Amino acid sequence: MMFKKKRIELGEGHIVQYTIFENKKFGGIWIYNWKTIEQNRFHTHAFGSYAFLLRGEYTEEVIIDGKIETRVVNKRFKPRHLPTNYTHRILEAKPRTWTIVFFGKWVPYWWEYFGDTKTWVKYGWGRKVIEKVDGDETTKIV
């Protein structure tokens, strides 16, 4: 897939994703225009990636060893490695925030955590639900 624009909803606000190139077997390049106010769930990704902030700033929460850390991403053009087990959610993006993401080959699944039901959901390609696990942010997912 090449040169596609898509709106992604993850809670309050949204992201506009511009696909430069995408192939699940090889990887790709996305550009994001962040209009996020607060994402309603933590998530991992089905791919490892490197993200670069092009403009603006955003705040995210990251789950590390069962604890939630808040981080501000504001260093432009500094590469950020996001492995497949990087579990995070974006809290707020400042106006006119843009990033570019270079991602690799997709693995078969990723996770999302829904705090309102205290449930981790494991998805496969096409957002097919593979498994649900009860727990909280400290629950170790594999």
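This report walks through the strands and sheet of a predicted model.

Residues are numbered from 1 along each chain as its sequence is written, and side-chain values use heavy atoms, with hydrogens and water left out. As the model is predicted, local features need pLDDT of at least 70 and side-chain atom pairs count only at pLDDT 80 or more, while totals for chains, interfaces and linings use all residues.

**The open sheet**

Six strands form an open sheet in the order β1-β2-β3-β10-β5-β8, with antiparallel pairing. Strands here are DSSP runs (E, at least two residues), numbered from the N terminus, and two strands pair if DSSP finds at least two bridges between them. At the edges stand β1 (2-9) and β8 (80-82); each has a single partner strand, so one side of each lacks a neighbour in the sheet. From one strand to the next, the twist averages 25 degrees, taken between lines fitted to C-alpha atoms, with angles from 0 to 180 degrees between N-to-C directions.

| Strands | Bridges |
|---|---|
| β2 (residues 11-23) and β3 (residues 27-39) | twelve bridges |
| β3 and β10 | seven bridges |
| β5 (residues 49-55) and β10 | six bridges |
| β6 (residues 58-64) and β7 (residues 67-73) | seven bridges |

**A closer look at the pairs**

Between β2 and β3, His 14 stands opposite Lys 35. In β10, Ile 100 is the bridge partner of Ile 31, and Phe 102 that of Tyr 50.

**The hairpin**

β6 and β7 form a hairpin with two residues between them. In its turn, Asp 65 has a positive phi of about 50 degrees, and Glu 61 stands opposite Thr 70 in β7.

Conventions:
Helices (H or I, at least four residues) and strands (E, at least two) are DSSP runs, numbered from the N terminus.
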